[in-house]
Amino acid sequence: MKEQIETLIKLQKIEAEAGSVKTVIEKVPEKLQALDTRLREFEQAMAAESSLLDEMNKNYRLYESDVKENRSQIEKSKGKLASAESNKVYQAALKEIEESEAKTSHLEDDMLEYLDSIDQAGKHIVAKKDEYSQLKAELERKRMAINQEAGRAGKRLAKLDAERQVVSKKIDPGLMKKLTKLKGIIRGSVIAPVKDAICQGCNMNIPRQMYNDLQRLDSLKFCPHCDRMIYYMKDEG
Ligand SMILES: [Zn+2]
């Protein structure tokens with residue numbers, strides 16, 4: 001019976017490890033997806049900056065055409081000035097020229113400022129492109145690491161499965177059936193150690209007599225509170 005109990009504990013350890021290895025494997029697609037999402041988000045941010053720069057360049061060309069229009073207005077007014085036959089027309093043309101020149105000068109100031117913004121946006125895009133290639137390389141390294149981890153986990157799982165099959169054969173079929181039934185009822189492990197008369201599966205005290213019997217390791221016991229199969233574990237404290 002002692003051997004059966006030890007085999008059961010071994011089986012439980014194998015199954016617990018297989019469970020955590022499976023979790024590692026199951027998380028792989030999600031992890032890879034997260035890397036893709038990060039790269040895509042960065043690309044989207046870059047595209048947004050690029051289209052903003054395009055927009056700015058378009059606006060700058062609008063400024064240019066405004067200035068051009070003003071200049072031709074000034075030329076027209078100068079023509080009026082040259083051919084003015086009365087002082088009133090002359091003064092009016094002079095005023096037009098003054099106003100157009102003021103407008104142009106104001107526009108040109110704005111353009112300089114705008115050009116500065118365009119320049120900065122362009123530099124930012126260049127820096128972002130640099131950042132992008134670094135990010136891409138970093139994500140590629142991570143992808144490789146995840147795939148390697150998945151590969152290792154897959155191998156480990158295959159080994160654990162083989163071990164489980166070997167160990168399972170050593171367990172009495174009737175007992176195995178009972179454990180399988182327990183697995184359907186209990187969450188987590190179905191075999192729990194008892195330390196200092198406390199079931200480690202449910203943290204409840206087991207009856208003194210049962211605890212005494214348990215220490216002899218000659219019969220299978222089940223926790224009266226949680227139904228787990230229990231075994232004696234020396235209290236090291
Ligand atoms: Zn219990």
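In this predicted model, 8% of the 237 residues in the protein chain are buried. The C-alpha atoms fill a box of roughly 130 × 35 × 30 Å along the principal axes. Of the contacts with a separation of 6 or more, 70% are between residues 24 or more positions apart.

**Elements and overall shape**

- The protein chain has 4 helices and 4 strands.
- Along the sequence, these elements follow the pattern α-α-α-β-β-α-β-β.
- The protein chain is more spread out than a compact globule, because its radius of gyration is 41 Å, well over the 18 Å that the globule rule gives for 237 residues.

**Domains**

- The domain assignment divides the protein chain into domain 1, residues 2-171, and domain 2, residues 174-233.
- Between the C-alpha centres of domain 1 and domain 2 there is a distance of 57 Å.
- The two domains do touch: 9 residues of domain 1 are in contact with 7 residues of domain 2.
- On the domain 1 side of this contact, helix α1 (residues 2-82) supplies the largest share, with 7 residues.
- By residue class, the side of domain 1 that touches domain 2 consists of 5 nonpolar, 3 polar and 1 charged.

**Strand pairing around β1**

- Strand β1 (residues 191-195) pairs with strand β4 (residues 229-233) in the parallel sense, and 5 bridges join β1 and β4.
- Within the pairing of β1 and β4, Pro193 is opposite Tyr231, a residue of β4.
- β1 also pairs with strand β2 (residues 198-199), here in the antiparallel sense and over 2 bridges.
- Lys195 has Ile198 in β2 as its bridge partner.
- The antiparallel strands β1 and β2 form a hairpin with 2 residues between them.
- One of the residues in this turn, Asp196, has a positive phi of about 55 degrees.
- β1 therefore has two partners under the criterion of at least two bridges for a pair: β4 in the parallel sense and β2 in the antiparallel sense.

Terms used: Residues numbered from 1 in each chain as written. Predicted model: local features only at pLDDT ≥ 70, side-chain atom pairs only at ≥ 80, totals over all residues. Domains from an automatic or database assignment. Nonpolar A, V, L, I, M, F, W, Y, C, P; charged D, E, K, R; others polar. Rg over C-alpha atoms; globule rule 2.2 N^0.38 Å. Buried ≥ 20, exposed ≤ 12 C-beta atoms within 10 Å, placed from the backbone.
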